[in-house]
Structures are given as C-alpha cells and as structure tokens.
Amino acid sequence: MEKQIKPELLAPAGDEDSLRAAVAAGADAVYLGAKAFSARRYALNFDREQMARAADYLHVRGKKLYVTVNTLIKEAELPAVLEEINHLYSLGTDGIIIQDLGVVALARKLWPDLPLHASTQMTIHDAAGVRFLQNSGFTRVVLARELSLAEIGAIKEATSLELEVFVHGALCVCYSGACLFSSMVGGRSGNRGACTQPCRMEYDLLQDGQAIKAPQGVRGPFYPLSTKDLFLLPHLAEVVAAGVRSLKIEGRMKSPQYVAAVTQIYRRALDRLAEDPQAFRVLPEEEKTAFSVFNRGLSPGYLKGDPGPDLSAANRPSNRGFFAGRVKEYDREDRSCRAALVEELAEGDEIEIWTSKGGRRRVLLRELVFKNWEEKTEAVFRLAEPVQPGDRIFLVNSRRRQQALQRLLRDESGPGKVECRMTARVAPGVPLTVTIDDYQGHRVTVNSAEPAQAARKHPLTPEVLREHLCRLGDTPFVVKEFYPEITGEPMLAFGRLHRVRREAAAALSTTRLAGSQRLPLPRETWAEAVAWEKGPVRSGPSSLVVFAGDLETVEAAAGLGPGVARIIFGGESFLPGAIWDETSLARAVVACRQAKISPVLALPRITREREAERVETYLEISRRYPPDGVLVSHPGSYQLVREETGLPLYINYTLYTFNTAAGFFWAGDPRVRGFTLSPELSAVELEPFFTARRFSGLELEILVFASLELMVSQFCPVGAFCAQRPPAACSRPCRHARYELRDKKGYVFPLVCDEFCRSHLINSHDLSLLGELPALQEKGAGLRLDLRFYRAPVAARLITLFHKALQTGARDQRGELWQEVAAITGRKTTRGHYHRGVE
C-alpha cells in the first residue's frame, strides 16, 4: 500500500520552554514572534539572542523556523522592521509570516530568496486571493479559518501556492484581519498585535432595545461573541486529502504543557494516518488529551459548513477544562466538598466548580482524600466557599500534564531527536576514533586526545562503549545503530570517552548548521529602500465621496448637485433587508451619470468561493453599465477585477494602506486610481501620504464620517441566539427586528446581518471629522462619508451638512457641529484615532 505524504505539523512557541516542548512532541516546524511586529504582542516572544538560539536549536534538529512579522507597520517603524527582517534573514529563517503589503514589497525587493507566508491577517478566503499572493511573491498562504473543506479543496485545485490551515486552538469570531473592535473601543489594535479581546467580554443581546433572555444552557454572564476552540483531529484525514501542506496549531500565548500535549496528539495521529490511511481512527486517549488542556469547548469550526449556535461558547470565554465529576455534598462546618468523580484527580491539580448559584469556584487541590482508594471515584477536598449537590467539576490544570512534559523533555529517543549511526574503533596504542553520521549526508570523525592503553584488569567491551558513547542526553541526537570495533584489550578512562562523545556531537551539530545562515544586507542597502522622493505638499480642494447603502441614497446624493464628486454603491448594505441586485446596481450607475457624478461599484467585503455566482452579477453589471472604477476590499476582489475587467480600481481601507510603502505597492499598478487610508492612522501619520511625489496622480481618500464596521463575522449571534439555528435553517429574525449588543458600560453596538448571513458589528459612536474639515479641505483628497447604515433622508441631511462645512471652512470651536451631527443621527460621535493614534 502506498503511504500518504505527511503534511508539515506546525506548532506555536511564545517562549523558549514552549519551543523545546514543541520539538520534543514532534513538530516539524515552529512559528514564533520577535519582541516587536508580532500579532501576539503580549506573549513573552523572543529577543535577538533568544531568536538566534531558537534558529540553531531548530535547524540542527532538521526543523523549520517561521517568524511572525504580521502586524501593520507605521511609517516611522519601517526602518526598524527592515532591520528586524535583515536579522531574521541572517539567521536562516525559513519563512516570515507577513500582513503589511508595504513590507511585502520591500522584503521581496531586498531579500528575494526569503520565503514569504501570507498571514491569516490578510483575510485570504478565495482562489483569486491566492492568485494575488502568487503574483506578489508569496510561497505560502495561511487560509482564513472560516473556509469549509470543500472551499479548501477548490482553492488547492485552482492554485499552486502551499496551503496552511489552522487545525487546533482559539477561533477569532471575526475574520482575522477584518477587526477594528479592540482598536476603536480600547485604543489597542488587533492589527498591531495588541488585541484586548473585547469579543470575549460580557454583553446583553438587545432586540428592539430590550435584552433577550440568555439561551438555554447559559447560566450567569452571557458572552455572545465568544466561540469554542478549533479541533480538527477527527477530520485529519479529510484535511490532509484536500492537499493542505501545513497543519497549524494556534497557541503562542499558551503554556509549554499545552503546546506539548496538543502537538503530541497531532504528531501521533499524522504518523498513523500516513502509515495506513484506511485504518486511521482518532484514539479515545487523544481526544481526552485535547479536552484536558486549555479549551473553551471544542468544535470543528466551519470545516463542514456554518455551524451556527454549535460554535458558541457563550457561557464561557476562558478555559472550560475537562469534565471530572459532580459535587455530592458540601460540609459548611468543615468547609469541605465531597465529589463523585468520573476522572481521577490528584493533589496539585487545579479544578473549577460550575455552581448553579454564584458563578464558579476555582481551587488548587492541596489535600485530597479518596473514599475508595482502589477505584478513586469519590474524594473529599477543602473548599472555602459553598457549592451545591450536582454542580459540575472541571479539571483545568493537571499536575500530571506537567509531569508528562518533563518526561517528554527527558526522552532521549523522542521525535525531537535526529537519528544517527555511530562507529567506534579502538586499540591499544592508538586514539579512539568515533565516526557519527545522520543518514542525511552529514558525517564527522573525532579522535581522542590520547591513545588507548593496554588494559591491566578491565578492558573496554562493546557494552561499555555503547553505554558511555551512545548516551547523548541533551544533544539533538540519538544513536540508532552502533558499531564497535575493538582490537586487542584496550582501556581508556571513562572521562576520555565522554569527552570524545561531546566533541563528536558538537562537531555533527556544527556540520548540520553549516550553510543554514545567510549574509545580512549592509545597513545602507535596506535604509535606502525607505528613502522615498518627496514632492510638494498635496494641495487643492478636497471633495466629498459618498458610500451609499441603497439605491434611494444614491438617488438622494445625486440630486444634491455638485457637492458630491463620487458615489460608491454595492457590496454589503448595513440597512435591514437591503440587497444590491442587478437592477438596483444598474440604476445606480445611470443615476450617477445623469447627475454627472462619478459612479464607483463596490464589491462585497468578503467573497467566498461559494458566492461566485453573486460576484459574477457584479462583474456583469460592470461590463454592461461600466462605472468609473471598482472599490475592492480584499486581495481576491482586486485580483478578480484585474482578471475579468479593464476597469480602474479603488483600494478600500480594509486593504490597509498603513504606510507609504504599501501606497507604493498599489501605485505600481497603473490600473489603481486611488486608495483609502486606514482609519487607524492619526493626522500626523497621514501627512507622509500628502508629500510623496508618486502619489500626486492618485486619488487619496480619508474617512470623515462612518458608522464604522468593527467586525465582520461568519458567526451570526442573531441567528444563533434568537433563531437558535445555523444559517441554512435560520428563520431570519434579523429582517423583522433591530438587534444590538450592549456592554457593561452601557454602550450599544448595532448588529447587522447581510444577505450572505454574515454579521457586521457597528461601532457605538459614529466616526465624525466634521470639526476637522478645515484642516482637510485643501488636501486635494476625497473625504468619504460612509452612509451605509442610514436611510436616504438622514444620509441627505448629513451630506448637506458636510458640504456646507467644507465650503465655509468653519471651525467647530464649541462643539456645535458635533451636536448637529448627533441631532441628525440620534447617535454620539467620536473622532476615532485622528488625534490620538493607535497602539
């Protein structure tokens, strides 16, 4: 039977202990982050000295090192990030995981032989997006976690890039890279590695302003955006058969015990699958291990389609643990708990009791008395706070798991070792000669410093040589074959044997590392790459750009006269029940033409493979009623428009033009007419775009008003908790009522569901730079009003207000303009990051 090719098993490491755990457990490669520019800023991460050790540790063992440089980079940080990449390049890093397109362009130019992996933060979810990456110089893509098995297979069939998918660990409720929630609410950007996880916090779900009851099974606080963790071990054979090149475990913020346990079960399963695909089954102990380490409940995620409420961890945003038993009784006088156990507990374990009243009780078991020592199914332990009979007990931290990690790290023949063959030749009067090779073409020979002596009592034997030469311990190697050749009766002190053993291992390590490093570029080479040519400060009258949510808003904006230069329409509407169909899109183009306003067609924020027919509708309209350009919001849309039309392109802010290098990336395409700058940039950070000569012929846009989309999610809380059905069976309550989330401070965030059953979380405050228009009116920029959340009458009043302020240049000295906006919309406003910037 032909053996199945094993994909790479890729494990996380947030520190050096986790790195060693990953290798010992059988990872083929490890991904980690430096101290800066990593999407897990709050992990310990690796400084330069630690990174160099990590590179050698992995490479000498035949493992690969991938480093995350997957945050958005500010203009002032470009020199530092290039210096960091230059250092990683010199270490022989096997690939960098990257998000920022400006950094992509610079890395491809400066280090053409450095493999680039597209981070999941790039939101790649279709074959066109993968083709974009191929054309941009990437070698691998980390696909969006929302993709089904069928979509992964279709992408593999249509493209040639290596595919990497997450198989285990935390799931973001939002499409990765499409989230501004932490940024806008807390000033810490997930795109900059500083996510505060507001999606794991408590909210009320409101229907027409009233809180709905928590769904069945949720006791206590309600966490409607919290999802279960991903667990694809039972579907491993299908994922491998789909052609996935690398299986990725999430967890750079997790413990070494977690990394070891999860990596080990996937390693063993992959090995069995490769050995006999037909007989492959997940073993009960492997599934048990997955539940015994950190988890919020485990789920196959979107692999088999949209799971709806089954994906939710609404009653638990943190570690659920492994079900261990139930409370039988609580002794208030003795302050002790008697429990019936289905899982053995031990002193040193940490448990959590889910109480029917009063939340949860967490306790470290210091004294544990079993009522039946043989079966250990009933135990008594100290507990300061009362619990009720029937309350569930979960094991959240196992002492045995910690002990298992220590045994794994001490294992001298585990999957983290390199198998070798050793030959030892010794005779009286000549030095001991040890030759060791790794079956991979690396071979070294070491001699003892002194010759062996003729033995008087105890000559060396094959057994003695094996015991003292093959004990390679903490080295990367394990001796699989040993060939002793003894002539006569020689003797050599054990200390001399040990020295030869150490020297042989060190020499083989050096040989295996030879050629793994690269020569770094001189500083002046990469420093020159960010020294772009400045021109005169961009000037000229700015104009209004309207993004409309329905045809009525397009017609209202077109009827307001010359105040609007461009109208964008299409994509997702944030108005309940509004859908852009073929007729409304065509009429929108006609309305703009009649008003002598430039029409721009927007493709949806997300365009899955399964939605290809809907996307084709947009493309067909663009052929029959050509707009002046197409607004694209992700790489796949950009690629598709270039392939299928000859129309100009406008780059939306969701493609994150965060620095001038990213702007130059887009400026290199003559089809690109302009781009919208990220709302995470401050006024000071916007300035370089207005002085770069290469942008003088491009149309730059800035968001000056928006009900800003904080998240776009394939998980729909309305369907999950109101209809309590997956999308395929949902009764669509979103079409008949208004839904919002309310946080503990009382801020209310609208929830909008689109035609594809994706949910969009809208900020509690409207972004409004009305008071800042005097500083922007002579920038020669497009000032976008994103009005997709509002109906035509409100949209028309906002357009009129902004047009008047732009014409008069009046400064908002007393906040009166803010009040006028709030009076029109009924919502509060914020300047966002315009003045404060983002971390």
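**Close-up 1. Helix 1 crossing helix 11 in the predicted model.** Here helix 1 (residues 16–24) meets helix 11 (residues 399–410): their axes come within 9 Å and cross at roughly 70 degrees. That makes helix 1 roughly perpendicular to helix 11. The crossing is left-handed. On the helix 1 side, look for Arg20, Ala21 and Ala24; helix 11 brings Leu405, Leu408 and Leu409 to the contact. Sort these contact residues by type and you get 5 nonpolar, no polar and 1 charged.

Close-up 2

**Close-up 3. Strand 15 beside strand 19.** Zooming in on that sheet, strand 15 (residues 350–354) and strand 19 (residues 392–397) pair in the antiparallel sense, with 5 bridges between them. To get your bearings, find Trp354, which stands opposite Arg392 in strand 19.

**Close-up 4. Strand 29, covered on both faces.** Strand 29 (residues 629–632) pairs with strand 28 (residues 598–602) in the parallel sense, over 3 bridges. Ala602 has Leu631 of strand 29 as its bridge partner. In a regular strand, side chains alternate between the two faces of the sheet. In strand 29, Gly629 and Leu631 lie on one side and Val630 and Val632 on the other, and all of them are buried.

Technical notes:
Residues numbered from 1 in each chain as written. Predicted model: local features only at pLDDT ≥ 70, side-chain atom pairs only at ≥ 80, totals over all residues. Heavy atoms only, no water. Axes fitted to C-alpha atoms, helices over the stretch in contact; angles between N-to-C directions. Helix = DSSP H or I, 4+ residues; strand = E, 2+ residues; numbered from the N terminus. Parallel < 35°, antiparallel > 145°, perpendicular 65-115°, else oblique. Left-handed = near helix turned anticlockwise from the far one by under 90°. Contact = heavy atoms within 4.5 Å. Nonpolar A, V, L, I, M, F, W, Y, C, P; charged D, E, K, R; others polar. Buried < 20%, exposed > 50% of the residue type's maximum accessible area, 1.4 Å probe, protein only. Pairing = 2+ DSSP bridges.
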